[in-house]
Amino acid sequence: MSYTRTEVKISLLIFCLALIPATSNCAEENDLWLLISSYEDIGMTVQDLAFFLATHGYDATPERSYVTVRFSDGSLAYLTPNGGEPRLADLWATPPSTSGPVMVILPDVIQKNVTYDKTDDSTLIKDVTRRVIFPVTPLGMCYDGSKKLADTYGNFNYRVRYMYDPSEWDWQGHLWILVEDPKQPDRWLAVDSYYGVMRDDDQYYSAPYSFVDFEYLDFINPKWRLV
């Protein structure tokens, strides 16, 4: 069976139309997407977003954590402010979850105000001292230095913890590490990336925060945003 060129074009047109979702408010959805894609505001709240949409003619209602937009045919769309991401908001086909905050780290991965027991193993002290040349980094670069120490001792199968005293208005804070004694579990040796092994300074065995992975530092240090 053969087809004329016109019949083939008609068949292709019908096939393409079948791929387009059947919705009566497609133009409204596209216009809404264009509107929120034309602006950015990293500080926009749910209330701000609802007001912005209402001033542009949309039936917008602020909810707890998102804005509901009702189109002319009664269908709904849901929008959440997206901070520093492109556009004003993310567009959802169903209401975003409002079940409350979701824990992204386990409760005990960051210890607060813990004092660790010191080790008196001279063999460990000698081994830790000879693995690197101190200072590892210049004074004032304890973040980079502690990360290098932790990576180095970790490569030699030592368990390591970071110790962190956060910054105050008059100083930048300090980060150092503890190396666990493999012969005496839960006994540790403090190491400063500039000064080296800190066996005789008790302050190095207590800290406001301690944790096992460098990435957890981001959960403690505030990220301030300037207007």
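I began with Arg159, which forms a salt bridge with Glu180, their closest N and O atoms being 3.0 Å apart. I take a salt bridge as a side-chain nitrogen of Lys or Arg within 4 Å of a carboxyl oxygen of Asp or Glu. Arg159 lies in the loop between helix 5 and strand 7 (160–165) and Glu180 in strand 8 (residues 174–180), so the pair ties together parts that are 21 residues apart in sequence. Helices (H or I, at least four residues) and strands (E, at least two) are DSSP runs, numbered from the N terminus. Glu180 counts as buried, at 7% relative accessibility. Buried means under 20% relative accessible area, exposed over 50%, and partly exposed in between, with a 1.4 Å probe and protein chains only.

I noted what I am looking at: a predicted model, in which local features need pLDDT of at least 70 and side-chain atom pairs count only at pLDDT 80 or more, while totals for chains, interfaces and linings use all residues. Residues are numbered from 1 along each chain as its sequence is written, and side-chain values use heavy atoms, with hydrogens and water left out.

I then went through other salt bridges; the structure holds five. Asp127 pairs with Arg131 at 3.2 Å between the closest N and O atoms. Asp127 is buried at 11% relative accessibility, and Arg131 is partly exposed at 28%. Shared partners join Asp127, Arg130 and Arg131 into one salt-bridge network.

I looked up Lys147 next and found its side chain in a salt bridge with that of Asp151 (2.9 Å, N to O). The two are four residues apart in helix 5 (residues 142–155), so about one helical turn separates them. Lys147 is partly exposed at 31% relative accessible area, as is Asp151 at 38%.

I turned to strand 7 and found five of its six residues buried. Six bridges join strand 7 to strand 8, and the two run antiparallel; strands pair if DSSP finds at least two bridges between them. Tyr162 stands opposite Ile177 in strand 8. Strand 7 also runs antiparallel to strand 11 (residues 206–211), with three bridges. Tyr164 has Tyr209 in strand 11 as its bridge partner.

Last, I checked the surface, where Leu139, Tyr194 and Tyr195 form a nonpolar patch with about 340 Å² of accessible area together. Patch members have over 30% relative accessible area and no salt bridge; like charges are joined within 9 Å, and nonpolar side chains (Val, Leu, Ile, Met, Phe, Trp, Tyr) within 5 Å. Areas come from the Shrake-Rupley method with a 1.4 Å probe; for residues, only the protein chains shown count as cover. Tyr194 sits in the loop between strand 9 (187–192) and strand 10 (196–197) and is partly exposed at 31%.
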